Amino acid sequence: MTDAEIIAWSAQDPDIFSTIIDRHARGVHRHLVRRLGVPAADVLVAETFLAAFRLRHRFDINRSDARPWLDGLATELANQYRAAGKAER
């Protein structure tokens with residue numbers, strides 16, 4: 001199944017969203033490490049997937065790969081984290 005199919009299906013079966021986490025957590029974590037370092041990435045990777053789950057109804061199901069969307073959410077959270085002065089490098 002594509003990411004889009006899984007996200008669409010998660011409206012009926014929220015537990016299936018864990019497949020998205022399994023597929024992309026490592027890559028999203030690397031994305032955040034490059035921006036903020038390991039400690040912040042460890043915190044924000046979970047927040048990224050929580051936000052993705054809450055906003056999954058906004059995902060464009062015409063896109064089969066959720067990674068760019070997830071990276072966008074992670075970047076937004078990283079920017080907020082940095083603006084709040086929490087980032088340590």
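Contact here means heavy atoms within 4.5 Å. By that criterion Asp71 touches Val28 and His31, not counting residues up to four places away in sequence. The structure is a predicted model, in which local features need pLDDT of at least 70 and side-chain atom pairs count only at pLDDT 80 or more, while totals for chains, interfaces and linings use all residues. Residues are numbered from 1 along each chain as its sequence is written, and side-chain values use heavy atoms, with hydrogens and water left out.

**Overall fold**

The protein chain contains four helices and zero strands; helices (H or I, at least four residues) and strands (E, at least two) are DSSP runs, numbered from the N terminus. Along the sequence the pattern is α-α-α-α. The C-alpha atoms fill a box of roughly 40 × 20 × 20 Å along the principal axes.

Of the 89 residues, 38% count as buried. Buried means under 20% relative accessible area, exposed over 50%, and partly exposed in between (1.4 Å probe, protein chains only). The accessible surface of the protein chain comes to about 5,500 Å², with 51% belonging to carbon and sulfur atoms; areas come from the Shrake-Rupley method with a 1.4 Å probe, and for residues only the protein chains shown count as cover. Among contacts between residues at least 6 apart in sequence, 60% join residues at least 24 apart.

The mean positions of the 13 positive and 12 negative charges are 6 Å apart. Lys and Arg count as positive and Asp and Glu as negative, without His and the chain ends; each charge is placed at NZ of Lys, CZ of Arg, CG of Asp or CD of Glu.

**Nonpolar core**

A nonpolar core is a set of buried Ala, Val, Leu, Ile, Met, Phe, Trp, Tyr and Cys residues joined through side-chain atoms within 4.5 Å. The largest one has 24 residues, and those with the most contacts inside it are Ile7, Ile20, Val28, Leu32, Phe49, Trp69 and Leu70. Two or more residues each come from helix 1 (3–9), helix 2 (18–36), helix 3 (38–54) and helix 4 (67–83). Helix 4 gives the most, with seven residues.

Ile20 lies in helix 2 and counts as buried because its relative accessibility is 0%. Leaving aside neighbours within four places in sequence, Ile20 is in contact with Asp3, Ile6, Ile7, Ala25, Phe49 and Leu70. With the same exclusion, Val28 is in contact with Val45, Thr48, Phe49, Arg67, Leu70, Asp71 and Ala74.

Asp71 is in helix 4 and, at 15% relative accessibility, counts as buried. Thr75 is also placed in helix 4, but its relative accessibility of 24% makes it partly exposed. Beyond four places in sequence, Thr75 touches His31 and Arg35. Asp65 is in the loop between helix 3 and helix 4 and, at 39% relative accessibility, counts as partly exposed. Leaving aside neighbours within four places, the contacts of Asp65 are Asp3, His24 and Phe59.

**Separations in sequence and space**

| Pair | Apart in sequence | C-alpha to C-alpha |
|---|---|---|
| Thr75 and Val45 | 30 residues | 10 Å |
| Ile20 and Arg67 | 47 residues | 9.1 Å |
| Asp65 and Glu5 | 60 residues | 9.8 Å |
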